[in-house]
Amino acid sequence: MGLLSFFGATPSHDPAQVALYAPYCDGVLREAWLIQALDLLAIGEFEGVRRLRPEGEHPFRLTWQAGLAPQEISHCELRFPAAAELLYPFDLPTHELVRWLMDLLEHQAPHDFNDPRRDLPETFWRWLLLGESPQASNRSIASPGG
């Protein structure tokens, strides 16, 4: 495919894995982001900063043990280094994690990927903090008029 990843190399994805996740993650329309997200999924961690309003921020670290298939469960932990007592363990279908990684990558410029101030998508935080369904969040973003 000749596509360069944000990690500086040609993606090491397996075309079968891309085909497996595509129906769950809009992979036909967003194949490049799906490939990138599967590369990030294999790394097993993401560090960033959640910006607060009106000011302030919380650095965080999200780690996971991903399932091998879209419907298999991924075991995740969200930590905030500034508050070691805060630990949010959670489990979810791997395709939901992949979708959030796709959204993260899609909304980052290539030169921003190594920026430690990057953040997870709003749909992740709404799911974590408000209990909003990841599926409902994705549909509401995908169809702004509805």
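Mentor: The expected span of a helix is 1.5 Å times one less than its number of residues. This is a predicted model, in which local features need pLDDT of at least 70, side-chain atom pairs count only at pLDDT 80 or more, and totals for chains, interfaces and linings use all residues. Residues are numbered from 1 along each chain as its sequence is written, and side-chain values use heavy atoms, leaving out hydrogens and water.

Trainee: How far does helix α3 reach from its first C-alpha to its last?

Mentor: Helices are DSSP runs (H or I, at least four residues), numbered from the N terminus, as are strands (E, at least two). Helix α3 covers residues 94-106, which is 13 residues. Its reach is close to the expected 18 Å, namely 18 Å.

Trainee: How many residues of α3 are buried?

Mentor: Buried means under 20% relative accessible area, with exposed over 50% and partly exposed in between (1.4 Å probe, protein chains only). Among the buried residues are Trp100 and Asp103. Helix α3 is largely enclosed by the rest of the structure, because the buried residues number twelve of the 13.

Trainee: At what angle do the axes of α2 and α3 cross?

Mentor: Axes are lines fitted to C-alpha atoms, for helices over the stretch in contact, and angles run from 0 to 180 degrees between N-to-C directions. Contact means heavy atoms within 4.5 Å. The axes of α2 (residues 31-43) and α3 come within 8 Å and cross at roughly 115°.

Trainee: Which strands stand at the edges of the open sheet?

Mentor: The four strands have the order β1-β2-β3-β4 with antiparallel pairing, where a pair needs at least two DSSP bridges. Each edge strand has a single partner, so one side is left without a neighbour in the sheet; these strands are β1 (45-51) and β4 (87-93).
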